[in-house]
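Dear colleague,

I am passing this structure on to you, and the notes below go through what turned up in it. Please read them with the model open beside you.

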Amino acid sequence: MRRALAVLVALALPVAAAPAAASTVGVGAVAPPGASGPGCGGCTHVQVATAPPGPSYRIPSGGGVITAWSVRGGPTVNPGDVARLRILRQSASSWIVVSETRDESLVAGRETSFPTRISVSGGEVLGLRLASGGDTPIFVGAPTGNATGTWLTDPSPGADPGAPSTTDGRRLNVAVRLESDFDHDGLGDDTQDSDDDNDGLSDTREAEMGTNPLNRDSDGDGVRDGIDVCVLTVDPGQQDADEDRVGDICDTDDDGDGLSDDVEALFRTRTFDRDTDDDGVSDGQEERDGTDPLRRDTDRDGLPDGVEAGLRRGVPDPPGAARGTDPARFRPDLDPRTRTNPLRRDTDRDGLPDGREDRNHDGRRQRTETDPRRRDTDGDAVPDGAERFPLDRRR
């Protein structure tokens, strides 16, 4: 009935659209090996042209996070030569500096990549600030232009540098790694963010569980994956009888007793009761031991299975709605060292049932009781069941 209800609920709920996949793309391009250019004491340029066949310097729709940027040093790099990535947005008459990295040192003739973390929006454009006495190019010839700038005023973020000059047929010497940011937390999904959808489960854990690392609610039931007790099954009620973090709808063992619900249905034991017969032995343990989980005294010798197994305490109640052994019905063993066989009425095979030898059924041998583990309690070479006075070897 519970699972049938879950199916009806699933049919009634809208199906969530599949989210876009996490992605990493390159934007821009560094100068080719051997490229050189004039020194610049503090020049800022921004790329305008984005049409093929040249590389695009414009952030694509959707934006993301720049997690690394690269620049190639010229054949000669002087001490103090530095470059800085800048992100700009076009205003009515010029370009506004949106954000920038710190200055990084150049390496002669080598493309160098620098880690960073800059959130960018679609339509913003890559820029480069160069301060170099060597011959590192700020821009190089390309199939497409234009690079604009030569802003010696060195604008800070938020500033408008004024109307720039235009250098036709050139592209900048800068490239970036742009990663998606699905949960908009300012971390690149592929290399910086361990939980892309911010649902409380790491991407690694979601891969193990089969959930969608880009969907906070993989099954679409209104509960985010990090707290959902059935992450792949629609379960808005979130019932979890044994509070094992697996909801009843998707839990194959609702009471956590070691027997699946299907097996309990076959045995006719209770799926929300760990000890159906309240003998102190869990239903799952009884199945493994071969005792009857529906009968407190499997061998009908007068002693409950729990007493014969030497149990002082029954199965504890789990958190939640499931339950364990009923203390009102449970009989503890007062001497766990003296265990008998719950599958054999007469453990010592002396002719007397165990329950008759342990007359008060408490698991402890009294002076007035024979020992259900010894065939001859008084040691007179006659089995207890065959003599009239089994406690007196003189009679």
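Arg86 is buried, with a relative accessible area of 1%, where buried means under 20% relative accessible area, exposed means over 50%, and partly exposed covers what lies in between, using a 1.4 Å probe and protein chains only. Before going further, please keep in mind that this is a predicted model, in which local features need pLDDT of at least 70 and side-chain atom pairs count only at pLDDT 80 or more, while totals for chains, interfaces and linings use all residues. Residues are numbered from 1 along each chain as its sequence is written, and side-chain values use heavy atoms, with hydrogens and water left out.

To stay with Arg86, its side chain meets that of Glu100 in a salt bridge of 2.7 Å, N to O, the term being used for a side-chain nitrogen of Lys or Arg within 4 Å of a carboxyl oxygen of Asp or Glu. This pair links distant parts of the chain, with Glu100 in strand β5 and Arg86 in strand β4, 14 residues apart; helices (H or I, at least four residues) and strands (E, at least two) are DSSP runs, numbered from the N terminus. Glu100 is partly exposed, at a relative accessible area of 26%.

By the salt-bridge rule the count comes to 13, and another of them joins the side chains of Asp103 and Arg84 at 2.9 Å, N to O. Asp103 lies in the loop between β5 (95-100) and β6 (104-105), whereas Arg84 belongs to strand β4 (residues 82-90), so this pair ties together parts that are 19 residues apart in sequence. Asp103 counts as partly exposed at 32% relative accessibility, while Arg84, at 13%, counts as buried.

A further salt bridge connects Glu124 with Arg89, and the closest N and O atoms are 2.4 Å apart. Because Glu124 sits in the loop between β7 and β8 (125-132) and Arg89 in strand β4, the pair ties together parts that are 35 residues apart in sequence. Glu124 is buried, with a relative accessible area of 3%, and Arg89 is partly exposed at 40% relative accessibility. Salt bridges that share partners also join Arg84, Arg86, Glu100, Asp103 and Arg129 into one network.

How many aromatic pairs does a search of the whole structure find? The search finds 1, where rings of Phe, Tyr and Trp (its six-membered ring) pair if their centres lie within 6.5 Å, and planes under 30 degrees apart count as stacked, over 60 as edge-to-face and the rest as tilted. The partners are Trp69 and Phe114, in a tilted arrangement with 5.0 Å from centre to centre and 45° between the planes. This pair links distant parts of the chain, as Trp69 is in strand β3 (residues 64-72) and Phe114 in strand β7 (residues 111-120), 45 residues apart. Both Trp69 and Phe114 are buried.

The structure also has 1 disulfide, meaning a pair of cysteine sulfur atoms within 2.5 Å. The disulfide joins Cys40 to Cys43, with S to S at 1.5 Å, and both cysteines are buried. The torsion about the S-S bond is about 120°, so the disulfide of Cys40 and Cys43 is right-handed.

Two other charged residues deserve a look. Glu308, in helix α5 (residues 305-308), is buried yet has no salt bridge, and the nearest side chain of opposite charge, Arg345, is 9.1 Å away; here Lys and Arg count as positive and Asp and Glu as negative, while His and the chain ends are not counted. Arg72, found in strand β3, is buried with a relative accessible area of 13%, and its side chain reaches the backbone oxygen of Ala31 at 2.6 Å.

Lastly, Arg300 has a phi near 55°, a positive value in a residue other than glycine, and lies in the loop between α4 (283-289) and α5, where it counts as exposed at 53% relative accessibility.

How values were computed:
Polar contact = N/O pair within 3.5 Å; in protein donor to acceptor, adjacent residues only side chain to side chain.
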